[in-house]
Amino acid sequence: MDKPKEACGVMGISSPSKSSLGKLCYLGLISLQHRGQDSAGITISTNGKLKTEKALGLVTEAFRGKDTSSWVGEVVIGHTRYSTTGEVSLVNSQPVERVFGSNTIALAHNGNLINTAELKELLKNEGEELKTSTDSEIILALITKNAHKGLVEAVTLAMNLVKGSFSLVIISGNKLIGVRDSWGIRPLCLGVLDDGSYALASESCAIDVIGGKLIRDVNPGEIIVLESNTAKKEVELSAHKYSKDKVQAPCAFESIYFSRPDSVMRGQELFQFRKECGRLLYNQSPIKADLVLGVPDSGIAAAIGVSEESGIAFSLGLIKNKYLGRSFIEPTEEMRKHLVSLKFNPLRSEIDNKRILLVDDSLVRGTTSKKLIDILRKAGAAEVHLYSASPPVKHPCFFGIDLPTKKDLIAVRLSSVEKICSKIGADSLTYLSLENLSQALGGESHCAGCFSGTYPKLD
Ligand code: SF4
């Protein structure tokens, strides 16, 4: 694993009338596919009755042969999973369902709780049984134990018990609820469709794809309730705060790498943010070169920023095989050695005899960078200088992002930039500074714990 791994995508839609919400949710999930490829699931509520379909694999694989356009209902939620806690199995797939008073409730979740042991003990002492090893089921059990208080109150009480990073979409009856953790670590946004439907999604690209318009991010510590009223042909929206204001700490890696460049977070399109990182990186350490290349796809936006700022031409240089997918795993060690060359082939005519500025979003283990630099040199590059459009990754993430262990992080293993250059074969290496990362994020407070070792205090 040479990149951090995402931790799921969530989607929810509430409609003023019965409509083909299964199809809309399916389309939204496809646009969130990059956030998790282990399993996918949809729960739809029709006349207040829930139906869940889920399966292992990509969204298109999970719903192959299913006519999602025939899934008609008032509210729907969906999930695409990357397993940070709990193994890859159907029982751990989401949405998860549970009895809620005389009704049923379903929940889909992105993130990671940090007080699960304490919560499991609490639930055990109250006789609650858990069937899976996921945080999602713990949250759902905490909600359902207060079913007699009504959905919004039950969710509010549960949210004040859980600690960690999360975005949730929940449905029961004709209500869709969206919740974001008090620090805003994991993303969730709200959009509206022309027919008066509202949508919640991990990223705004999922709202775009179903023809919606982004309204805003769900605020940290906020509960959004979207109640479908088919008799009045409207969706009633209400927003509640469940916790006091905390120092906001959205994950910087969402902006750097996880989220799609066409998504908007905190009012900033991530393509523009990434270009800005490239501009700042070049000014931080201007290097004479003939060509700027971005590692496809994660380094392209920052590379364009470097090119615009420096006036050095941008080219493709490396052609990516788009059909391998992020979860492609070769069966043997021998075959795995060829993975990077299978994924990236150089454009020799562009590279030959050129001084190359190679830009990637981050440098994590360094294994891919080493192989790419080797590919470029074999294709005739005269020099290869590496720009990392984020600071060195040196620390673990406790908030739902799967990073390699510390001993596998190149910036931990090797004590200087010179040693890293020598290991990966680069002529020079520049990391974006923490100050410039913060500037590119508009100076807004954020979590950069895996870079700085300083984490938001989740008290
Ligand atoms: S530690 Fe890193 S990956 Fe984890 S939430 Fe903070 S910025 Fe994101």
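Helix H9, residues 300–310, is largely enclosed by the rest of the structure, because 8 of its 11 residues are buried, where buried means that 20 or more other C-beta atoms, placed from the backbone, lie within 10 Å of the residue's own. Please keep in mind that this is a predicted model, in which local features need pLDDT of at least 70, side-chain atom pairs count only at pLDDT 80 or more, and totals for chains, interfaces and linings use all residues. Residues are numbered from 1 along each chain as its sequence is written.

The buried residues of H9 are Ile300, Ala301, Ala302, Ala303, Gly305, Val306, Ser307 and Ser310, and they pack against helix H8 as well as strands S16, S17, S20 and S21, with contact taken as C-beta atoms, placed from the backbone, within 7 Å. Helices here are DSSP runs of H or I with at least four residues, and strands are runs of E with at least two, numbered from the N terminus.

Turning to the partner helix, H8 (residues 270–284) packs on H9 at an angle of about 50 degrees, with the axes 6 Å apart; axes are lines fitted to C-alpha atoms over the stretch in contact, and angles run from 0 to 180 degrees between N-to-C directions. Among the residues that meet are Phe271, Leu281 and Tyr282 in H8, and Ala301, Ile304 and Val306 in H9.

Just after H9, Gly311 takes a positive phi of about 80 degrees.

Finally, the ligand: the residues around it include Pro4, Ile185, Cys251, Phe253 and Gly449, each counted because its C-beta atom, placed from the backbone, lies within 6 Å of the molecule.

Methods. Contact = placed C-beta atoms within 7 Å. Buried ≥ 20, exposed ≤ 12 C-beta atoms within 10 Å, placed from the backbone.
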